[in-house]
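Here are some exercises to work through with the model open beside you. Try each task before reading the solution below it.

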Amino acid sequence: MDPARRLGPAQIDVVAQLGVSTLLLGGIYALIAVGLTLIFGIMRVVNFAHGEFLMLGMYLAFWSFTLWGLDPYFVLFVAIPIFFVVGLLTYVLVMKGVIHASHNVQIFTTVGLSTALQNVALVLWTGDFRFVRPWHSSVVLRIGSTAFNLSQVVAFIIAVALTVALFAFMRWTHTGRVMRATAQDRDAATLMGIDTDRIYRLTFALGIAAVGTAGVLVSPLYSVYPTAGLQFVLLSYVVVVLGGLGDMVGALIGSLIVAAVEVIGSYIFGTAWKEVFYFVLFILVLVFRPAGLFGQRGAENLGV
Amino acid sequence: MSRRFFALTVATLVLGLSGWIAAVHGQSGEYKIGVLEPLTGPLAFEGKRHLEGYEVMRDLINERGGVMGKKLVFAVGDATDPTAAASEAARLISRENVKIITGTYSSTLCGAASEAASRQNVIYWETSCVDPRFNKRGLKNVFRTEIDGTGFGWYNVEFIAKHLSHRFNMRPNQLKVAFLSEDSSYGQGVTEAARARAKQEFGMQEVAAEYYAFASTNDFTPIIVKFKQLNPDIVHHIARGNDAVLFWRQSREQNFGFKALVHAGATGYGSPDFGKALAADGNGPFVLAEPGPGFKVEGLKADAQKLERDFTDAVKKRTGTEPYASHRLAGPGLWLLKLVLDQAKTDDLDPFRSAVMSMDLPVGSMINGWGVKFAENGQNANERVQHYMLQWQNGQMVTVWPEEFTTMRAKWIPLGAWDQRK
């Protein structure tokens, strides 16, 4: 008997719960993907070390909570400037040297950075699984028969707010316009007097600040360990491709689509199938709409 | 002045010479074996514990005369993944000249490592992996002291049928079981063995069998929602890492009420991290593993009792905690290797192999309660590798079954409401 085929009030509860799970999981994916899409879209660099900055954010939350009893939601405010500076430093020390190099060189560099950061974490903090358990991590909100984890609801709200803020920043501020101009044509932007190096530095720092913040926010939900980033990073690439490179709102919608495929696929066909489904989707989008589901044609080459 | 100089020179020479003699006759009598463990990467936290178990037992062995009259020393290799396991095995053999390799904690590593060892005809002594394929390859150089995964499934169903079902006032064939497992060879091996025995021997009703990739599963709610509708009495969940914590936490969130959850092995629910993550919220799950608190040492043979106490003390001294399952797999596994080497008096494969085959020790002979009787395929007989059911009770994993081996008793049968398990 396939539970998915039963009808009745129980079935409505199931659909409602699956809907809620999709939204909340999508929120987490969006939180992680916005920083990636920003760096990807403006700098044209695939940052394979993205997941490791997420992991560092999780460790920041873990140590602040363990050593000083600080709630992750408080750490959030400290994390934004800290990771902005981490992003700046990483750009100056690592990315600046390869920003004009070929994609292959950039890929090797960021993969190297990823492995290096994982092993730094392993040496400093061992491979143990660690946990952040603030009071809100075990609070469950119930509406009707559906259950919401409070930490997940907060992560979702912040994900939406972050996406909207970045979207507005890119669309309506002078710096945002300059960033888009740099993405569209680096040489022309330079001729117009734009300091592209400064723009890249800013973009990278913003992207890392976003993912570091995401790490702090997901820390009450998932275990903290040196390779925690790998659990999410593959998904973020799917999200970024679905949503269109550099498209913030696309990233949010892409996250929800990936989460829906994962949740509904797991429910109906079994968890073993979920990666098959979203990677098939990933390939189809790359083949038929390389600019992403919501991007304009040609944007994959040009920029936003 | 010159006499004093002369005396000093003589003294120095004598001291140096005696040191040299000691080096030749005492310390140079070392016997080196290769130890392969995942010391970096996702399996590192358990790999390091397993290595600790080896090191503690190595020191105890050396206090008791070493192996074949020589001091036992290790050449350690880091087996992060199967590729590294194979290349590190090759390095230990060619650079460190070891004739025996032991390890590797994980079922994902032992296949590759033992394959590499057998290519060079080196003895491979596995003490913790349970992959059922390990001893089905016809390799003459490969031995395993630990049970194979099918034995884990066998014990889990034994516990469900003989200990749980009557306490639910149900017959085994009335029980509805949902099988959930991570999709490595370990998870699949245990789960398939449990499914087969549950169905064929006891007629239990299988309501679901789900596999998932543990490294990329971020949400269990779809599975939990599905399981809730199927309403199983037992969830048989083989977990691997934080998937255990995630499934348990989300089951609580979804108010998923089952009567018992049964797991096997030192990972997932069997890892101390589960207790650290959930404390009293983690009360209830059963874990088939090596004995923990509550274990009656008096159930062991006399010489094993003494060694058990020394081992436990040494682990406590080193780590500050009771020995974990990984310690209790590595320690006795290494001790058994010492017994075999002492009997064979050589590490040549043929005499070593006959020494292994001639061992016949009843249950209770090793410090974790194991007995010894190897089959031709190099596997210690499953019925001699006594296993125990442990249960999470207020942040501690305690031994609850078989009851004749323990002072502690299982609680929450059946599991009540989520907030009633204190």
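**Exercise 1. Find the bridge partner of Val287(B) in E11(B), and say how E10(B) and E11(B) run.**

Step 1. Val287(B) pairs with Leu390(B) in E11(B); a strand here is a DSSP run of E with at least two residues, a helix a run of H or I with at least four, and both are numbered from the N terminus. This is a predicted model, in which local features need pLDDT of at least 70, side-chain atom pairs count only at pLDDT 80 or more, and totals for chains, interfaces and linings use all residues. Residues are numbered from 1 along each chain as its sequence is written, while chains are lettered from A and ligands numbered from 1 in the order in which they are written.

Step 2. Strand E10(B) and strand E11 (residues 388-393) of chain B run antiparallel, joined by four bridges; two strands pair if DSSP finds at least two bridges between them.

Step 3. Now turn to E9 (residues 260-264) of chain B: three bridges join this strand to E10(B), and the two run parallel. Here His263(B) has Val287(B) as its bridge partner.

Step 4. E9(B), helix H9 (residues 272-278) of chain B and E10(B) form a right-handed β-α-β unit. Right-handed means that, with the strands pointing away from the viewer, the path from the first strand over the helix to the second runs clockwise.

**Exercise 2. Which way do the residues of E10(B) point, and are they buried or exposed?**

Step 1. In a regular strand, side chains alternate between the two faces of the sheet.

Step 2. In E10 (residues 286-289) of chain B, Phe286(B) and Leu288(B) point one way, with Val287(B) and Ala289(B) pointing the other way.

Step 3. All of them are buried, where buried means 20 or more other C-beta atoms within 10 Å of the residue's own, exposed means 12 or fewer, and partly exposed lies in between, with C-beta atoms placed from the backbone.

**Exercise 3. Locate the β-α-β unit that contains E1(B) and E2(B).**

Step 1. Eight bridges join E1 (residues 30-37) of chain B to E2 (residues 71-78) of chain B, and these strands run parallel.

Step 2. Within this pair, Gly34(B) stands opposite Ala75(B).

**Exercise 4. Why is H7(B) described as largely enclosed?**

Step 1. Helix H7 (residues 221-230) of chain B has eight of its ten residues buried, so it is largely enclosed by the rest of the structure.

Step 2. Among the buried residues are Ile223(B), Ile224(B), Lys226(B) and Lys228(B).

Step 3. The cover over the buried residues includes H1 and H10 of chain A, together with E6 (176-182), E7 (205-212) and H8 (242-253) of chain B.

Step 4. After the helix comes Asn231(B), whose phi is positive, near 50°.

**Exercise 5. Which residues have the most contacts inside the largest nonpolar core?**

Step 1. A nonpolar core is a set of buried Ala, Val, Leu, Ile, Met, Phe, Trp, Tyr and Cys residues joined through C-beta atoms within 7 Å.

Step 2. The largest one has 216 residues, and those with the most contacts inside it are Tyr29(A), Leu31(A), Val34(A), Val258(A), Ala89(B), Ile101(B) and Ala113(B).

Step 3. Helix H1 (residues 9-43) of chain A gives the most to this core, with 18 residues.

Step 4. Leaving out residues up to four places away in sequence, Ile101(B) touches several residues, including Gly34(B), Ala89(B) and Tyr124(B).

**Exercise 6. What are the secondary structure counts of chain A and chain B?**

Step 1. Chain A has twelve helices and two strands.

Step 2. Chain B has twelve helices and twelve strands.

Terms used. Contact = placed C-beta atoms within 7 Å.
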